Amino acid sequence: MSLKAQLIRQIEVDGPMSLADYMQACLLHPEFGYYATRDPFGQSGDFITAPEISQMFGELLGLCLAQAWMDQGGGACALVELGPGRGTLMADMLRATKAVPGFAPEIHLVEASPALRDIQRATLKGVDVIWHDSVAELPETPLFLVANEFFDALPIRQFLRQGRGWAERRVGRDGDALTFGLSEPVPMEALAHRLQDTGDGDVVELCPAAPQIVAEVSDRIQRHGGAGIIVDYGDWASKGDTFQAVKDHAPCDPLDSPGQADLTAHVDFKAICDASGCATSKMTTQAALLYALGIGPRAQALAEKLDDAGDQSALDQHLAAYRRLTEPSEMGSLFKAIALYPKGATPPPGFDP
Ligand code: SAH
């Protein structure tokens, strides 16, 4: 039975489901889930992420975390990635930090998809990696952590404001088709704070898993030391419907083919800060962060190398990748970054307290 048929049967029995339950099934269903069954990244996949665009992204974030480690006095630690995709970002971080004296972290990856774990194992061949299903399993040690396009993949619930109540957007069925519907509006404690900055008809989104994940990670950073860098598309206290489906690099109907398209929502960085038990930096843009970490000179050095080698096509590709990561019209300002670090410590390079 297809995932769509399974979902329709479930709705028949239990009634309409929240967007979060729908996303969870579409992305991580063990047999049909989007991440559980495929490698969605790159030109031939459905979308392309910053580490797949250029090695510079992982190199700079790796050096940023290694500098934070030095600033905190060095010592034993874990280098952690949440949702590592193909493992490219971790591989680039490890290559760039190989020369940092004494930096020999344990490598911990939090990954839900068995198919992607296999790809990460191949990318990180020769590296001792410890995989986890959830952040709760991370070690009690200083954590230097990165999460790129991880939080946008976590299931969200959506609410439409009606008066002082909220109607939840749900997935129901109409014959053989999945359809969107709305529950009766009710007042909601969890959204009480949004009554001030929204009006009738506004949509807000809640990501129930994000605060728990942030709390777990930030608590370790506060108690043992470390730093976390979160990069994703989104904004501060985001408003509006940002739920989207992408297939073959193009938007598509999120209800059309469950399990076949990537489903995401913008990340609410305020919700991340509110859930943190350690210090959080100011939110910055991906472009500002990469420039502060030295992407300009790094891009130039790589360009000169390719130019010297006479490899025009690689040079063109490299310059296009540089623009894609940093230009405001591309990923530069849509993507934001924030850092977690212990209270009283300095934030990692590139971030303001
Ligand atoms: N960071 C990578 C991949 C981003 S895609 C990159 O930048 O290329 C999202 C990643 O998070 C995938 O590896 C996906 O399998 C993983 N993922 C999604 N939901 C998860 C969850 N609940 N727990 C652990 N990993 C999850």
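Q: How much space lies in the largest cavity?
A: In this predicted model, the count by the rule applied comes to one cavity of 30 Å³ or more. The space that lies in the largest cavity is about 40 Å³.

Q: How many charged residues does the lining of the largest cavity have?
A: The residues that line the largest cavity include Y22, C26 and A245, together with others such as D253, P254 and D256. Sorted by class, this lining has seven nonpolar and three polar residues, and the number of charged residues is two.

Q: Are helices α5 and α6 parallel, perpendicular or oblique to each other?
A: Helix α5, residues 55–71, packs against helix α6, residues 88–97, with the axes 7 Å apart and at an angle of about 55°. Because that angle falls between the roughly parallel range, under 35 degrees, and the roughly perpendicular range, 65 to 115 degrees, the arrangement of α5 relative to α6 is oblique.

Q: Which class has eight residues in the contact of α5 with α6?
A: On the α5 side the contact is made by Q55, F57, G58, E59, L61, G62, L63, L65 and A66, and on the α6 side by L89, D92, M93, R95, A96 and T97. Four of these residues are polar and three are charged, while the class with eight is nonpolar.

Q: Is the crossing of α5 and α11 left-handed or right-handed?
A: The axes of α5 and helix α11, residues 295–308, come within 11 Å and cross at roughly 135°, and the two helices are therefore oblique to each other. Their contact is made by Q55, M56, E59 and L60 of α5 with I295, R298, A299 and L302 of α11. The crossing of α5 and α11 is right-handed.

How values were computed. Residues numbered from 1 in each chain as written. Predicted model: local features only at pLDDT ≥ 70, side-chain atom pairs only at ≥ 80, totals over all residues. Heavy atoms only, no water. Axes fitted to C-alpha atoms, helices over the stretch in contact; angles between N-to-C directions. Helix = DSSP H or I, 4+ residues; strand = E, 2+ residues; numbered from the N terminus. Parallel < 35°, antiparallel > 145°, perpendicular 65-115°, else oblique. Contact = heavy atoms within 4.5 Å. Nonpolar A, V, L, I, M, F, W, Y, C, P; charged D, E, K, R; others polar. 1 Å grid on protein atoms, 1.4 Å probe; cavity = no way out; pocket = protein on both sides within 12 Å on 5 of 7 lines; lining within 4 Å. Points joined across faces, edges and corners; volume = space filled by probe spheres on them. Left-handed = near helix turned anticlockwise from the far one by under 90°.
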